[in-house]
Amino acid sequence: MPPSIVYQLIKDMRQLDCNPRLNLASFVTTWMEPEVEKLIVESMNVNYVDAEQYPSSTEIQNRCVAMLAQLYHAPSTGVDESVGTSTLGSSEAIMLAGLAMKKRWQARMEAQGKPTNKPNLIMGYNVQVCWEKFTRYFDVEEKFVHLTNDCFVLTPEKAIELVDENTIGICGILGSTYTGEYEDIEKLDELVEKLNKEKGYDVKIHVDAASGGFVAPFVEPDLKWDFRLKNVCSINTSGHKYGLVYPGLGWVIWRSKEYLPESIVFHVNYLGSDQASVTLNFSRGAGMIVAQYYQFLRLGKEGYTKIMMNLGQVARRLQKGIEDTGHFRILSKDNALPLVAFSLTKTVDKNGKEEARQYTEFDLADKLRQRGWVLPAYTMAPDARETKLLRAVIREDMSMSMVDELIKDITRSVEYLDSHFTINVNDVHKPEGKSLVDAAKEHRVHVKKNEHHDERHPNKHRLRKHDGVC
């Protein structure tokens with residue numbers, strides 16, 4: 001086929017995709033300046049791993065690693081002293097950091113003549129799925145800190161209770177996927193230090209800063225979560241999230257060479273010279289690494305600070321607008337990622353009694369999708385599954401005017417659902433002693449008003465059945 005026809009076929013196929021700017025489900029960057037987009041295109045045919053032929057790509061990566069090491073207060077921060085690497089995202093970065101912790105634990109146990117077949121990793125149930133992939137792929141036992149309906153993140157005291165001599169490390173999250181909340185890494189470090197002294201362990205902390213690693217240093221510079229804490233051995237972050245780079249780019253930084261075992265470093269020479277490789281992948285384009293360097297030079301610390309502060313202001317405006325509707329409970333925290341997590345409240349009948357709505361957060365998400373908004377609805381992590389919530393992630397391309405439109409659309413959608421998701425008493429068999437709502441749930445009846453209003457009929461608000469249960 002001619003190239004123009006193939007282009008049009010694929011372009012047409014993608015027309016029904018959502019508008020990336022209205023996708024509030026994702027933390028991933030959806031806008032960059034034209035100049036950096038040009039650099040990305042010019043770097044697409046450059047294989048980053050071929051350092052002999054493309055030495056500038058390696059130098060750019062090393063400079064980015066050094067900048068992040070300095071930002072995270074690593075002991076060694078020079079271009080030649082910093083220890084870290086770029087990855088395709090935080091998932092790969094987490095695999096590498098987890099492997100490093102496992103190899104260090106194995107070496108320690110072998111030196112003591114102890115078995116190494118039962119490693120375990122401690123983490124909260126709110127971890128991103130890549131942590132469960134790591135434990136499954138690399139044969140590590142999962143030890144989860146259970147959540148509650150009042151606490152959606154890892155509790156340091158509960159995490160410490162799970163530590164034993166087979167613990168390779170503890171994962172702390174700087175910005176939970178569910179609510180954006182920062183876990184108390186400083187308190188966790190304090191308890192780990194105490195336990196290590198009492199038990200003779202050498203347990204370390206890895207900080208999953210996939211989102212918070214580019215937010216907290218600029219918004220809350222005094223918050224201690226990084227290498228200022230003695231037992232933090234490694235940190236991952238996503239360049240393609242609040243690092244403000246298109247997908248896929250991640251980073252993993254180690255405290256020092258001591259925490260990157262030589263056993264996971266490979267050396268190859270078939271590209272023209274001896275080259276060290278500390279990645280799960282090999283060949284890939286240099287475009288996103290170049291883009292990250294562009295953003296570091298273009299924005300600097302001052303620029304990132306201004307952007308992250310502005311995102312916080314936009315998030316607070318959205319939160320206030322959602323609160324003012326009177327329909328929602330805010331679940332996200334103020335000192336957290338720039339997002340708003342919220343759930344529906346119960347309604348109050350004419351007698352002042354609370355009752356459950358006849359629709360859920362999932363119905364509201366579907367209704368908002370009709371306006372183009374992708375606002376995800378989901379259930380909380382295990383042990384808090386009863387909590388359903390919606391989450392709006394604020395990115396650089398989310399303006400105040402867009403927030404105002406979103407608030408209006410949320411309000412309209414709730415009003416629509418309140419008026420259309422009702423119970424028709426004629427369609428529900430109501431056993432004696434049961435409320436109408438209980439009877440509707442029992443018989444899995446879900447009805448709503450007829451959306452087609454016919455002015456010729458006096459009963460234009462006729463109700464009809466609707467399949468499914470909310």
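Modeller: Buried means a relative accessible area under 20%, exposed means over 50%, and partly exposed is what lies in between. Please keep in mind throughout that this is a predicted model.

Colleague: OK, then is Cys130 buried or exposed?

Modeller: Cys130 has a relative accessible area of 4%, so it is buried. Cys233 has a relative accessible area of 3%, and therefore counts as buried too.

Colleague: And how many disulfides does the structure hold?

Modeller: The structure holds 0 disulfides. For Cys130, the nearest cysteine sulfur belongs to Cys171 and is 8.3 Å away, and Cys130 is in no disulfide. To count as a disulfide, the two cysteine sulfur atoms would have to be within 2.5 Å.

Colleague: Let's step back to the whole chain. How many helices and strands are there?

Modeller: The chain has 12 helices and 18 strands. It is made up of 470 residues, and 51% of them count as buried. If you take the contacts between residues at least 6 apart in sequence, 68% of them join residues at least 24 apart.

Colleague: Does Lys241 count as buried or exposed?

Modeller: The relative accessibility of Lys241 is 18%, so Lys241 counts as buried. Asn45 is 240 residues from Gly285 in sequence, and the distance from C-alpha to C-alpha is 6.4 Å.

Colleague: Switching to helices now. At what angle do helix 9 and helix 11 pack?

Modeller: Helix 9, residues 287-324, packs with helix 11 at an angle of about 20 degrees, and their axes are 10 Å apart. The two helices are therefore roughly parallel to each other, since angles under 35 degrees are counted that way. Their crossing is right-handed.

Colleague: Which residues make the contact?

Modeller: On the helix 9 side they are Gln313, Val314, Arg317, Leu318, Gly321 and Ile322, and on the helix 11 side they are Met400, Val403, Asp404, Leu406, Ile407 and Ile410. Sorted by class, the contact of helix 9 with helix 11 has 8 nonpolar, 2 polar and 2 charged residues.

Colleague: And what about helix 10 with helix 11, at what angle do they pack?

Modeller: Helix 10 (residues 361-369) and helix 11 (residues 400-420) pack at about 120 degrees, with axes 10 Å apart. That angle is why helix 10 is described as oblique to helix 11. The crossing of helix 10 and helix 11 is right-handed.

Colleague: Which residues meet there?

Modeller: Asp363, Leu364, Lys367 and Leu368 of helix 10 meet Asp409, Ile410, Ser413, Val414, Tyr416 and Leu417 of helix 11. By class, that contact has 6 nonpolar, 1 polar and 3 charged residues.

Colleague: Last topic, the backbone. What should I know before looking at phi and omega?

Modeller: In general, most residues other than glycine have a negative phi, and most peptide bonds are trans. In this model, a cis peptide bond joins Pro247 and Gly248, with omega about -5 degrees, and Gly248 lies in the loop between strand 6 (232-238) and strand 7 (250-254).

Colleague: Where is His73, and what is its phi?

Modeller: His73 is in the loop between helix 3 (55-71) and strand 1 (83-87), and its phi is positive, near 60 degrees, although it is a residue other than glycine. With a relative accessible area of 37%, His73 is partly exposed.

Colleague: And what is the phi of Asp139?

Modeller: Asp139 is not a glycine, yet it has a positive phi of about 55 degrees. Asp139 is found in the loop between helix 5 (129-137) and strand 3 (141-145), and it counts as exposed because its relative accessibility is 62%.

Methods: Residues are numbered from 1 along each chain as its sequence is written. This is a predicted model: local features need pLDDT of at least 70, side-chain atom pairs count only at pLDDT 80 or more; totals for chains, interfaces and linings use all residues. Side-chain values use heavy atoms; hydrogens and water are left out. Axes are lines fitted to C-alpha atoms, for helices over the stretch in contact, and angles run from 0 to 180 degrees between N-to-C directions. Helices (H or I, at least four residues) and strands (E, at least two) are DSSP runs, numbered from the N terminus. Angles under 35 degrees count as roughly parallel, over 145 as roughly antiparallel, 65 to 115 as roughly perpendicular and the rest as oblique. A crossing is left-handed if the near helix is turned anticlockwise from the far one by less than a right angle, and right-handed if clockwise. Contact means heavy atoms within 4.5 Å. Ala, Val, Leu, Ile, Met, Phe, Trp, Tyr, Cys and Pro count as nonpolar, Asp, Glu, Lys and Arg as charged, and the others, Gly among them, as polar. Buried means under 20% relative accessible area, exposed over 50%, partly exposed in between (1.4 Å probe, protein chains only).
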